[in-house]
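Biologist: I am new to this structure. Please show me how to read it, feature by feature.

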Amino acid sequence: MNPLPLLEESAISTSPVAARGFGALETSSGALPLSAMSVAIAVVDLGYETRIEQTFVNAYDEPLEASYVFPLPSRAAVSDFELTVAGRTVAGVLQERGEARRNYQDAIRAGKRAALAEEDRSSVFTMTVGNIMPGEEARVMLKLRGLVSTSGTEAELRFPLVVAPRYCPGRALPGPSVGDGTSVDTDEVPDASRISPPVLLEGFPNPVALSLSVDVTSGQLSFTDFTSSLHAVSQSADDNVTKITVYPGERLNRDFVLRFKVAAEEITSSVALAHDKTGDEGTFMLTVVPSSAETAVTRPRDIVFVLDRSGSMSGWKMVCARRAIARMVETLTERDRFRVVAFDTQVETPPGHESGLSNATDSQRFAAEQWLGRVDARGGTQMREPITSAVNLLAQSPDERDRVLVLVTDGQVSNEQNILDSIGASLHRVRVFTLGIDRAVNEGFLTRLASAGGGACELVESEERLNAVMDRIHRQIGTPVLSDLSVSTQGAELVSDTLAPSRVPGLFAGAPLRIFGRFSGTHEARLPQVVLSGLDLAGNRWQTTVVPKSTDAGPLVSALWARASIRELEDQYDSGRFADAAQLQRDIVDRSLRFGVLSRFTAFVATDDEVVNEGGRNVRAMQPVERPDGWVLNQARASLAPAVGSLEDTKECLYSLDIAAPPQDNFFTPAPSAPAPKPRASVTPRAPAMRLERALGDAKNSNNASRLQTPSTSPDQTVRKQIKARSKRLLAALEAEAHSGASRDLTRKLVDQLQEIHSLVTGIHDFASPGEIDNLKKLITKLESRTRSSNSAERRIMGLLDPILKTDALAYRLWQALEPILRRIVMSVPDDPNPTKPSPERGEVESGRLVKLECKVLVTRYGQALESGGTTRLVKELARDRATLTGLLDRLHQSDVSASERSELGHKIADLRQHPADTAAAVGLWQTLEPVLRRVSATSP
């Protein structure tokens with residue numbers, strides 16, 4: 001895909017395109033192709049139907065072919081497609097995928113308008129619309145059906161809105177890629193280029209108008225207490241319909257999650273039937289609702305906890321993941337055995353967990369929890385090795401023990417099938433539970449993995465949500481209420497190989513179970529009944545017969561069975577273990593076409609008859625997607641944006657379509673083994689792109705643009721320059737810790753600098769709004785309070801890991817609020833054109849205070865390091881602060897330190913620079929440095 005030309009400076013305007021209902025950079029070349037997204041969801045009882053409309057606009061002077069990679073719920077069935085353009089509406093046809101592509105390409109070459117909808121993953125789809133003429137607007141419509149998930153009395157409707165960047169391991173394949181994305185195809189992910197759309201610059205004005213509404217109709221069930229966890233919504237009610245509407249202006253950068261309550265007595269075990277229009281076959285959906293009462297763990301367990309610590313887990317996700325595993329470890333008993341594994345490009349375990357399983361004694365659990373508290377995000381998502389090792393280890397456990405694998409991750413990998421293939425042979429002996437933590441989670445992969453392992457998947461979009469689901473997770477990793485489940489029918493014949501899921505999972509307290517299947521030969525005297533049998537907690541045979549409540553549940557049940565069964569057939573195809581792959585592919589296509597449900601081997605195509613573009617020549621454009629909300633940028637992205645230049649920087653990196661450089665491991669530093677990006681003319685220079693990104697973000701965050709251009713006639717330039725100097729030093733110190741890969745380091749640095757931060761906040765009223773200052777003061781107060789309550793004695797007490805981890809989260813929120821203000825100050829205050837020694841005595845006094853504060857902070861921190869970790873910890877602290885110590889040494893006044901002390905310290909710092917791990921050199925530096933730091937902190941003004 002070729003990029004459009006670089007924008008000319010005269011072509012750029014920052015005025016919003018009001019007529020189109022969205023804000024974007026308006027250029028002579030137009031705006032991004034996707035102008036609007038409309039999602040209308042109608043919920044009746046616990047089923048829903050969704051109508052999605054995507055509007056593409058051609059603002060260019062040539063015909064346009066636009067493509068957009070977008071997500072849909074992984075368990076929903078896509079069953080309708082339509083294209084509307086220039087007042088003409090064309091219904092889509094579901095065809096075998098190769099045939100659909102040929103028909104689409106033929107239509108484009110013939111100059112006819114056409115659209116193509118394809119599935120690339122169970123939750124990732126691609127929409128392509130071609131021959132959109134200049135000034136035209138093309139609208140495509142999809143319909144899908146699904147079920148609202150329930151747990152206890154809580155129902156959850158989740159609709160994804162962005163495909164997050166995914167880690168693509170493996171070696172690059174030769175030849176051109178199969179798609180137009182930013183990742184190259186590899187031997188492990190041969191379609192990586194189809195699922196890696198470019199990512200929009202952070203802070204770029206939102207180019208897509210999102211409209212999302214949910215109509216909830218109370219039929220046999222009644223609903224209350226509607227809450228949206230990630231979006232601002234309005235709510236209205238009319239008779240038995242409740243309407244939830246997302247406020248305008250929301251971005252396509254996170255999942256929409258709606259939860260509501262259902263009366264407990266209204267959720268019961270049931271069977272819904274859907275008879276085929278012809279023949280004597282039909283589809284059933286069995287819903288089994290167990291008691292929500294907690295059950296005792298009756299069997300000893302072997303559990304392996306696998307924690308994803310890759311770069312995409314930075315920030316709140318890492319804190320949340322550590323808390324989740326720490327809580328689960330705490331619930332283990334001494335009858336259990338366990339292992340904790342953390343992975344990125346390396347696999348690491350706590351001391352004592354290097355091989356095999358450890359008994360869940362108090363000391364082992366405590367050691368694991370302590371180790372978890374030090375785990376931070378870094379590197380790439382090399383998931384296959386730790387998952388395979390964990391499954392193989394559990395498969396060797398004796399049969400009298402429950403074997404459980406718990407994976408905590410955001411699931412942002414693209415080699416899903418490669419991972420599933422590596423563990424498929426041993427999964428029948430292991431139950432797999434997945435906990436997805438993200439606001440744009442890869443639900444499709446995590447659900448597939450849990451289903452293949454006979455377990456369950458839970459999703460968490462915030463730290464607050466984790467508390468609500470931990471009880472459910474605890475029950476699920478315990479002993480199931482019923483195990484070894486099987487399904488049969490009475491009054492009809494169960495069609496072989498039609499159960500979905502084919503491996504019926506165990507039934508856990510409070511977790512409803514849904515099973516789909518097909519029946520034939522209905523008995524004339526009665527409706528078919530479904531029989532569920534298994535083993536109870538005591539190992540005794542258990543059985544129940546569920547009688548249908550309704551004779552015809554409509555197209556929903558048939559569509560959902562088709563979707564679930566097709567997904568299982570696709571998994572068999574991908575595994576390569578099926579004898580006749582060609583026949584299996586034909587079976588998938590036949591089932592998809594028969595029931596009208598989109599699959600990976602079929603596609604919807606809509607072609608118009610009107611010829612509008614002789615020759616079929618199009619400008620091709622791929623719509624960039626939003627950066628997922630809550631993702632933390634890597635150190636490269638932050639460090640490449642120290643300042644913002646003129647529009648020359650903008651011209652250097654801004655393409656009107658190909659906006660962002662390829663992400664590596666979700667915006668994070670790639671693993672050493674990751675393939676090099678494919679050379680592409682459309683990739684923008686990284687450094688200016690980051691400068692532009694920071695500029696747009698700062699401009700957006702600033703409440704008063706004039707503050708970014710402080711006039712030289714400011715009433716007190718000296719004070720402003722002093723504040724800038726302090727901000728610059730503070731920003732550099734905090735940024736180094738924030739991007740070191742350890743949130744605990746950032747927490748420590750923020751705690752050490754709280755006094756300096758508080759002092760600075762009281763003097764930055766010219767640079768920050770009252771709301772920003774008030775927010776910073778509240779966060780500082782909370783962090784001070786949290787730090788006092790989480791002292792070193794409490795850290796040694798078992799079971800108090802949560803308060804420590806919450807301190808990390810609070811510190812991170814302070815950093816998020818503080819960083820843009822510090823950058824704004826550094827950018828907005830001009831440097832002194834004559835950088836001579838400050839003449840006012842006030843400047844010298846202020847400098848002396850800063851030196852005193854810095855010395856006080858250092859001596860305190862080094863003393864704590866020596867007390868808590870001994871010489872080893874002190875060596876690490878001194879080695880990390882060599883540059884800081886050198887800078888401090890240059891600022892020490894002659895009266896505070898003698899020339900011989902300065903010379904000796906300089907030599908010792910230089911020795912430690914050459915040998916960072918030299919314990920003797922570090923101790924020698926500390927012995928010389930400590931009295932100097934104490935003297936300066938006591939004597940400076």
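Modeller: The protein chain holds 22 helices and 32 strands. Helices (H or I, at least four residues) and strands (E, at least two) are DSSP runs, numbered from the N terminus. This is a predicted model: local features need pLDDT of at least 70, side-chain atom pairs count only at pLDDT 80 or more, and totals for chains, interfaces and linings use all residues. Residues are numbered from 1 along each chain as its sequence is written, and side-chain values use heavy atoms, with hydrogens and water left out.

Biologist: How many of the residues count as buried?

Modeller: Buried means under 20% relative accessible area, exposed over 50%, and partly exposed in between (1.4 Å probe, protein chains only). Of the 941 residues in the protein chain, 56% count as buried. For contacts, the cut-off is heavy atoms within 4.5 Å. Take contacts between residues at least 6 apart in sequence: 77% of them join residues at least 24 apart.

Biologist: What does a strand look like when it is covered?

Modeller: In a regular strand the side chains alternate between the two faces of the sheet. Now take strand S24 (residues 431-437), where 7 of its 7 residues are buried. One side has Arg-431, Phe-433, Leu-435 and Ile-437. The other has Val-432, Thr-434 and Gly-436. Both faces are covered.

Biologist: In which sense do S23 and S24 pair, parallel or antiparallel?

Modeller: Two strands pair if DSSP finds at least two bridges between them. Strand S23 (residues 402-409) and S24 pair in the parallel sense, over 6 bridges. Val-404 stands opposite Arg-431 in S24.

Biologist: And where can I see a hairpin?

Modeller: Look at S14 (residues 233-238) and S15 (residues 241-246), which pair in the antiparallel sense over 6 bridges. Ser-234 stands opposite Thr-245 in S15. The two strands form a hairpin with 2 residues between them. Asp-239, in the turn, has a positive phi of about 55 degrees.

Biologist: Helices next. Which residues of H20 are buried?

Modeller: An α-helix has 3.6 residues a turn, so residues three or four places apart point the same way. In helix H20 (residues 882-891), Leu-885, Leu-888 and Leu-889 are buried. Seen down the axis of H20, its buried residues fall within an arc of 105 degrees, so they line one face of the helix. That arc is taken from the directions from the helix axis to the C-beta atoms. The face of H20 turned away from the buried side carries exposed Ala-883 and Asp-890.

Biologist: What does the side chain of Thr-388 reach?

Modeller: Polar contacts are pairs of N or O atoms within 3.5 Å; within protein, one must be able to donate a hydrogen and the other to accept it, and residues adjacent in sequence count only if both atoms are side-chain atoms. Thr-388 sits in helix H4 (residues 384-395) and is buried, at 16% relative accessible area. Its side chain reaches the backbone oxygen of Arg-384 at 2.8 Å. The side chain of Thr-388 also makes a polar contact with the side chain of Ser-422 (2.9 Å).

Biologist: Is Ser-502 buried or exposed?

Modeller: Ser-502 is exposed, with a relative accessible area of 54%. Ser-502 lies in the loop between strand S27 (493-494) and strand S28 (513-520). Its side chain makes a polar contact with the side chain of Glu-568 (2.6 Å). Along the chain Ser-502 and Glu-568 are 66 residues apart, yet their C-alpha atoms are separated by 7.8 Å.

Biologist: How many disulfides does the count come to?

Modeller: A disulfide is a covalent bond between the sulfur atoms of two cysteines. The rule here asks for a pair of cysteine sulfur atoms within 2.5 Å. The count comes to 0 disulfides. Cys-320 is buried, with a relative accessible area of 0%.
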